[in-house]
Amino acid sequence: MWPAAITDAGVAELARSESITGLALSGPNLTDLSVKSLAERKRPWRNLALWDSKLTDASVPLLSKMKSLDGLDVTNSQITPEGLALLRKALPSTSIRPAVK
């Protein structure tokens, strides 16, 4: 049996758990709405890996506010090189893995 694909709704449920400080998720059902749910949480995130997703530059302003991130991986998302440059400028102490087309 294959694991079920995570969706924006699933991410919203995970974001409600204040004990989690990092997530590693992948799949085409992850969209900018997932980032909105992650950003609304009160406890800061330390590490986020959102691979193979449909995240776009629309997520950049919300991700840029996550100053506590040690690591952010958006490999194989739809975030553009310009969006990555904005993330690197906003989060200079965060290790950011680039989106690969």
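**View 1. The buried residues of helix α4 are covered by elements that include α3 (60-64), β3 (71-73) and β4 (95-97).** Contact here means heavy atoms within 4.5 Å. The model is predicted: local features need pLDDT of at least 70, side-chain atom pairs count only at pLDDT 80 or more, and totals for chains, interfaces and linings use all residues. Residues are numbered from 1 along each chain as its sequence is written, and side-chain values use heavy atoms, with hydrogens and water left out. Helices (H or I, at least four residues) and strands (E, at least two) are DSSP runs, numbered from the N terminus.

**View 2. Helix α4 (residues 81-90) has a buried side and an exposed side.** G83, L84 and L87 are buried (under 20% relative accessible area, with exposed meaning over 50% and partly exposed in between; 1.4 Å probe, protein chains only). These three residues lie on the same side of α4 because they cover an arc of only 100° around the axis, taken from the directions from the helix axis to the C-beta atoms. On the other side, P81, E82, L86 and K89 are exposed.

**View 3. S77 lies in the loop between β3 and α4.** S77 is buried, with a relative accessible area of 3%. A polar atom of the S77 side chain lies 2.9 Å from the backbone oxygen of V74. The S77 side chain also reaches the backbone nitrogen of I79 at 3.2 Å.

**View 4. Helix α1 (residues 8-15) meets helix α2 (residues 32-39).** D8, V11, A12 and A15 of α1 make the contact with L33, S34, S37 and L38 of α2.

Terms used. Axes fitted to C-alpha atoms, helices over the stretch in contact; angles between N-to-C directions. Polar contact = N/O pair within 3.5 Å; in protein donor to acceptor, adjacent residues only side chain to side chain.
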